[in-house]
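The report that follows describes a structure chain by chain and then turns to what the chains share. Please read it alongside the sequence and the coordinates.

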Amino acid sequence: MKQPAETVTVRHLRKSHGNTLALRDVSFQARAGEICGLIGPDGAGKTTLLRILATLLVPDSGQASIEGLDVVKDYRAIRSRVGYMPGRFSLYQDLTVEENLHFFATLFGTSVQENYELIKDIYSQIEPFRKRRAGALSGGMKQKLALSCALIHQPSVLLLDEPTTGVDAVSRKEFWGMLGRLKLQGLTILVSTPYMDEAGQCDQISLISEGEILRIGTPVEIVRSFRKPLWNARGDDMHRLLLNLREHPAVEACYAFGGNHHLTLRDDSLTPAELSAYLSDRGHAGIRIAEAVPGVEDCYMELLRTPQQTLL
Amino acid sequence: MSRVFIFFVRKEFLHIFRDVRTMVILLGIPVVQLILFGFAISTEVKNARIAVLDLSRDAASRAVTERLDASAYFDVGWHLEHPGDVEKVFREGKAPLVVVFSERFQQQMLHSGSAGIQLIADASDPNYATTLTRYAEAIIADFERELQASDGVAADGLSADGQPGSTQAAAPQGIVPQLTILYNPRLQSAYQFVPGVLGMILMLICAMMTAISIVREKETGTMEVLLVSPVRPILIILAKAVPYFVLSCVNLATVLLLSVFVLGVPVAGSLVWLVLVSFLFVFVSLSLGLLVSTLTRSQVVAMLISGMSFMLPVVLLSGMMFPVEHMPRVLQMLSHMIPAKWFIIVVKDLMIKGAGISAALPEVLVLCGMAVVFVTLSLLNFKHRLE
Amino acid sequence: MKPVIEVDRLVKRFGGFTAVDHISFEVAPGEIFGFLGANGAGKTTAMRMLCGLSKPTSGTGKVAGYDIASHPDEVKKRIGYMSQKFSLYGDLRVWENIRLFAGIYGVPQREIAPRTDALLSRLDFAAERNTLVRDLPLGWKQKLSFSVSVFHHPGIVFLDEPTGGVDPVTRRKFWELIYQAADEGITVFVTTHYMDEAEYCHRVSVMVDGRIEALDTPERLKQQFGATEMDEVFQQLARKAQRQEL
């Protein structure tokens, strides 16, 4: 088997918009046929990074290349190899589904018939509505149409900027299913998202905050890097429980996590029974404390607390 | 690449057709404007209700009053009794013009030759006041001339009575200015505003709409996707221009047909040249719109810039409504930079005066120069990226 | 205690399309009520009716004791509203935004200044008093926006996807503000796409095709659907959707 080559290489990218530094010294690599997730909240610099890769912005310093082509010098060549889906819905709302698709096919000098196989899986789901104007589609269907349009010229690299933002949980799951199938067809996919729970679907994730990559690795590696003890805690009065847990000297941080609170401990000195007693003293009932398995979100929050960490 | 281009143009047309309201407005504007200017807010004088203060009450003053009343321009609505009423009439806004005959009007006219007639106009609308007094003067002068002509005959008879006034009366005849109005003999304002409306509409459609439709793509984010595609930006721009060019042609035809058949303004000169010069102006406007689109990011800004910096000056500085010659020097200089001004001059030459293209050559050259400057500037400014 | 929201067989039709199909539920004072549903399930339409912005086709709804069909203006005075899309004016300063919305909701003039100070100190925002809102980080904006929406002490606050795109820490801090508000007796009616946030609610309803298919505490819903997380509950329910969205 041939070793997967690096498709996207980013070295020491910096970019500022006016006074704000959008990217500060960002470097990473994405291998061919991988889904590479850029995970972070709004304003972390994900959009700037993707726009630089899409040749829409020029970096202040540093290099970026896609399949060996430089994003600044060879921008024309890159544009025909990359499928780009911007953050907001960027199709023509007043054109029908079909018209949009045909338009983008023509734009890239191809036709829908020629590349139908590639988009069939996705497009067939919205084909019953092909005469409907794109503006009248629901969020999930708009995403499918936008993805079809980004794929119609058979790009080898897909750049997706927050494709699942504002989309409901079911459509999000479906969308990731589609990305998984595209990956099997050999596409390299760079996707940004603010949803930490989507990290598990990626081969490699970069956790980004304020223009910096906090950590890069496979989801398993990232989670394994979380070395402090992490517990689940729950009780009858969750809000007061949260406040009391934070007051405990051995607790480094405590946040709500679904039905439980996740608390990070400073070290191994405390036992669940001791903590339970501490809480009972403060009038809590129905206390349950157990060891928790950290997720990507735990790691992200941990990294935000201790910004100066060495990369894996 | 031509296939892409056709597709692009098709898409632009779809945008226009899908937005029915805007399309109706764009196609309706010339009709509405021509009708408004032609009938409703015409600067022509038609049956203006004036007042007369006749202190003389003799044959001559009555005859002049009748003449004024009989003309198509005036209706004598009020006969005033006292000089004090004049102010009242104006204050109440009843009449824009009062004609005052001094005492012994006929006598003075025949003997001293000094005009015992006073025209008092409400100059709160100076243009209208000027026009009114000019018409009234013309009617009075007319009357005077006829009277003196017939008086000359009568004077021969009268001279036997030893009345020397007749010869004196004949004297002013030679210095009554003979006013001849060229090209627009009935002073119809349609002659004045048809070229103006044409300039304004073509500017509106081409510059403003092109700018807006390009900026809209920036706003909705579709420009990002277009830029990422391998299509050359120049193609995107050209394709944007085509539908607005077609719309402009439709509007050009509408304006010309309405002018000729409804407003009765003939095309005196060469129609072919008129159309060709209009195309040149359309090209200038398109490139101006393109320039605006490269400078702005939001539709509102694009609209304001094109509205404030193209439309208003077209109305105010192009000579469409107010003669440029009477403006301060600074404004006159400024008006030279307005493409529509040159276009309106050419259209007046070709359409109304019936002059040949050679007469309009300097203006056409100015327009060509502007086209080159705008296209160059906007191509230099067009970004292949987002910033 | 008398419920703050009482909805009985509420229906909204657009032509032949039934966006909201006979929904009934009650929300108690101080409750955090999660209103979930896929895109197009009818959440927004239902929420608009409850805020007095849209008239129901049939059925009744009472919010803060007033009928939403006959007294929408009384309803509007007693609710707060915040959405991810529209929150505050970016070109106004922090205090200007607060004063504007306080004025809109009729907070007495002499109370505005002290309440503003209290709010800013509680949020640790005192230093940002004169900052333009557009220069604040997103998470701060959302927190400020929420505080402004409850500034006039409404009985109920409606939150439409308040935490979209916010970083995980700020998202949790935001929820702590929600808890505080609930502790003060304000009822919170919230929609979200983050399923972990559904677990923070006292009760959750899931809308599918315009109907409420499930309504209970997160705990009991998970038991009922044999799930360990709310996400599974939501996936099971939302997959049943028949209609193609609006």
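A nonpolar core is a set of buried Ala, Val, Leu, Ile, Met, Phe, Trp, Tyr and Cys residues joined through C-beta atoms within 7 Å, and a residue is buried if 20 or more other C-beta atoms lie within 10 Å of its own. The model to which these terms are applied here is a predicted one.

## Nonpolar cores

The largest nonpolar core has 229 residues, and those with the most contacts inside it are A:Leu53, A:Leu159, A:Ile189, A:Leu190, C:Val157 and C:Val188. Helix α8 of chain B, which runs over residues 189-220, gives the most to this core, with 18 residues. A second, separate core of 23 residues includes B:Leu53, B:Ala95, B:Leu132 and B:Ala136.

The surroundings of C:Val188 can be listed in detail: leaving aside neighbours within four places in sequence, C:Val188 is in contact with C:Ile32, C:Phe33, C:Val157, C:Leu159, C:Ile178, C:Ala181 and C:Ala182. One of these partners, C:Val157, is itself among the residues with the most contacts inside the largest core.

## Overall form of chain C

Chain C contains 9 helices and 10 strands. Its radius of gyration is 18 Å, close to the 18 Å that the globule rule gives for 246 residues, so chain C is as compact as a globular protein of that length. The C-alpha trace of chain C spans about 50 × 40 × 35 Å along its principal axes.

Buried residues account for 46% of the 246 residues in chain C. Of the contacts in chain C between residues at least 6 apart in sequence, 68% join residues at least 24 apart.

## A sheet in chain C

Four strands of chain C form an open sheet in the order β2-β1-β4-β5, with antiparallel pairing. The edge strands, each pairing on one side only, are β2 (17-27) and β5 (66-67) of chain C. Within the sheet, strand β1 (residues 5-14) and strand β4 (residues 58-63) of chain C pair in the antiparallel sense over 5 bridges, and C:Glu6 has C:Lys62 in β4(C) as its bridge partner.

## Contact between chains C and A

The contact draws 30 residues from chain C and 26 residues from chain A. On the side of chain C that touches chain A, α6 (168-183), α7 (195-198) and α9 (230-238) of chain C each supply at least two residues, and α6(C) gives the most, with 6 residues. By class, this side of chain C has 15 nonpolar, 6 polar and 9 charged residues.

## Domains of chain A

The domain assignment divides chain A into domain 1 (6-224) and domain 2 (230-293). Taken over C-alpha atoms, the centres of domain 1 and domain 2 of chain A are separated by 40 Å.

Technical notes. Residues numbered from 1 in each chain as written. Chains lettered and ligands numbered in written order. Predicted model: local features only at pLDDT ≥ 70, side-chain atom pairs only at ≥ 80, totals over all residues. Domains from an automatic or database assignment. Pairing = 2+ DSSP bridges. Contact = placed C-beta atoms within 7 Å. Nonpolar A, V, L, I, M, F, W, Y, C, P; charged D, E, K, R; others polar. Rg over C-alpha atoms; globule rule 2.2 N^0.38 Å. Buried ≥ 20, exposed ≤ 12 C-beta atoms within 10 Å, placed from the backbone.
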